Amino acid sequence: MKLITNKVYGAEDILPSDSYKWQFIEDIMRGQAQSYGFSEIRTPVFEHTELFNRSVGDTTDIVQKEMYSFTTKGGDDISLKPEGTAGAARAMLEHGIYNDGYPIKVYYLTACYRYEKKNYGRQREFHQFGMEVYGAASAYADAEVMCAANSIFERLGVKNISLEINSIGCPNCRPNYLAALREYFGSHKEELCETCQTRLERNPMRILDCKSPICSGIAEKAPKVIDFLCDDCKKHFDEVKSCLDAVKINYTVNPSIVRGLDYYTRTVFEFVAPEIGTVCGGGRYDGLIEELGGQHTPSLGFGMGMERLLLLLEKNNIVLDTPPVCDLYIAGISDAARVKAFELVEGIRSSSLIAECDIVGRKLKQQMKYADKLKSKFSMVLGDDDLAANKAKVKNMATGTSKEVPLDDNFYDAFFKIYVNGESDIYLQKLGISDEE
Ligand code: ATP
Ligand code: MG
C-alpha cells in the first residue's frame, strides 16, 4: 500500500526533539500572563465566517485572501481562525463574562490558519500566544500589555528585539486622514494592484500594508496618520509613552505601522527583530466589541507568533536545556525480576521521578545500553538472587558508585535518599569540589 507521508503544504509537525522548547516557552508565557493577572481562554478552532468578516475586516488581506473558509454539510459558513482576538471577543460577549466587571484580562495559546505562501517564519498553520484586555481605556492598559509582551522576551533572554509604536487615531480623526490618503493614492491609482484599487474608496489604510512591492513603494511617501491625530489621541499616545518611559522600556515611534487588521484604533505596536521581522503585533481596538454587536468596550491586546519566537531564540544562540529523560532504569534478568522491575518503576513514577524498565523484550546487555542512551542518572539490575535476598544495588551512572537498597516498601525512601545525595554529588563534581573537602 502507498505510504501517506506528505503533510499539507504550510503545516509543520512539532516532534519530540523540538516540543520541549515549545513547552518551555509556553510555561514562561503562562507564568508571565499569571503575573500580569491574565487567565486562559480557549475558544474553538473554527467560527462563523461572519465573525472574521466583521472583526478582522472584509477589506483586509486576511479575509480577502488568506482565510480557510468552507461551507459545512449543514450549510453553515465556517472559517478556521486566522487570529485569536475575534474568538476571544465573541466568547466574552456570548458568555457575558463582562458582568463580573472590567477589566477582563485573558490570554490564549492557539493554532491559527492563513492561506499564505510558505516562507521563513511564515506557515499556513502557525501558533500564536496572545493577551487581551477588555474594558480598559487608559494608557496604563496599553503600556501594561506592551510590558507583558516585553517581559516574555526578557525572561527568554532575547536581546535583539525592538519595540516600535505608533498611534493610528480614532473615529474622530480618522476621516481626515482617510481623505488625505484617498487623495494621495488616487493620484497613483493606475499603478496600484487590483486589490488596492478596490480598497481606495472603502479602506485606503489597507493599501499601506499591501505586500506588493509597487504598492508598498507608493505607500512609503503617503501621508502619516500620526500627523492627523486629534487632541485626545495625541494625549493618549503621550501618556502611553510616559508609562513606557517610567518602566524604562525602550521603544521607537514608527509612523509607518498601521497593522493589517481593521479593528485597530489609537495605539499599535510591533516587536521587530532583524531578519525575522515582526514577532509580536498588537494594539488597541476600541471599536471591536461594538462591531460585534456589544456595548462600547475599549479593548486591546497582542498576538505573538510562536514559530517566529523560536527562530528568534535560535538567532540569539539561546539553547534551552533538554528535559531529563530518566532518573532510574531498572533492568530485569529473569521473568520474575522483570515483573519486580515493572512494579518498582511504577512506584517511583508515583513520586514524580522518571523511571523506566524494559517493555520491548531486550536482553540484559541491550537493556543497559538503552539505559545509557536515555542518560539515566541511576540504574539497577535485578536477578533472581536479588529477589531472594530482597535487596539490590542502585548505581549512580555518573560517579559509578553503588549503594544497596531493600526491595520491599522501604525501597522508595531508600532510593529517594540516594537520588538526592547523588544529585548533590553531581553538583559538587560540576563545581570541582569533592565530597571529602
Ligand atoms: P506579517 O506582516 O508578517 O504577515 P501580520 O501583521 O499578518 O504579520 P498578525 O496578524 O499581527 O501578523 O499576527 C501576529 C503575529 O503572528 C505576527 O507578528 C507573527 O509573529 C505571527 N504570524 C502571522 N502570520 C503568520 C504566519 N503565516 N506564519 C507564522 N507566523 C505568523
Ligand atoms: Mg500577514
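Predicted model: local features only at pLDDT ≥ 70, side-chain atom pairs only at ≥ 80, totals over all residues.
## Domain layout

The protein chain is divided into two parts: domain 1 comprises 16-173 + 229-315, and domain 2 comprises 328-430. The centres of domain 1 and domain 2, taken over C-alpha atoms, are separated by 48 Å.

## Helix H5 against helix H9

Helix H5 spans residues 139-156 and helix H9 spans residues 231-246. The axes of the pair lie 8 Å apart, and the helices pack at an angle of about 45°. The crossing of H5 and H9 is right-handed.

On the H5 side, the contact is formed by Ala139, Tyr140, Asp142, Ala143 and Met146. On the H9 side, the partners are His236, Glu239, Val240, Cys243 and Leu244. By class, the contact of H5 with H9 contains seven nonpolar residues, one polar residue and two charged residues.

## Helix H1 against helix H5

H5 also packs with helix H1, which covers residues 16-35. The axes of H1 and H5 come within 10 Å and cross at roughly 135°. H1 and H5 are therefore oblique to each other, and the crossing of H1 and H5 is right-handed.

H1 contributes Phe24, Ile25, Ile28, Met29 and Gln32 to this contact. These residues meet Ser151, Ile152, Arg155 and Leu156 of H5. The residues of the contact of H1 with H5 divide into six nonpolar, two polar and one charged.

Asn316 is placed in the loop between helix H11 (306-315) and strand S12 (328-332). The relative accessible area of Asn316 is 17%, so the residue counts as buried, the cut-off for that class being under 20%.

Leaving aside residues up to four places away in sequence, Asn316 touches Gly157, Val158, Lys159 and Asn160. Asn316 and Arg362 are 46 residues apart in sequence, and their C-alpha atoms are 42 Å apart in space.

## The cis peptide bond at Pro103

The peptide bond from Tyr102 to Pro103 is cis, with omega near -5°. Pro103 belongs to the loop between helix H4 (85-94) and strand S5 (104-113).

## Lysines with positive phi

Lys248 is not a glycine, yet it has a positive phi of about 55°. Lys248 lies in the loop that runs between H9 and strand S8 (252-253). With a relative accessibility of 72%, Lys248 counts as exposed, because the exposed class begins over 50%.

Lys375 likewise has a positive phi, of about 55°, although it is not a glycine. The position of Lys375 is in the loop between helix H13 (364-373) and strand S14 (378-382). Lys375 has a relative accessibility of 70% and therefore counts as exposed.

Technical notes
Residues numbered from 1 in each chain as written. Chains lettered and ligands numbered in written order. Heavy atoms only, no water. Axes fitted to C-alpha atoms, helices over the stretch in contact; angles between N-to-C directions. Helix = DSSP H or I, 4+ residues; strand = E, 2+ residues; numbered from the N terminus. Left-handed = near helix turned anticlockwise from the far one by under 90°. Contact = heavy atoms within 4.5 Å. Nonpolar A, V, L, I, M, F, W, Y, C, P; charged D, E, K, R; others polar. Domains from an automatic or database assignment. Buried < 20%, exposed > 50% of the residue type's maximum accessible area, 1.4 Å probe, protein only. Parallel < 35°, antiparallel > 145°, perpendicular 65-115°, else oblique.
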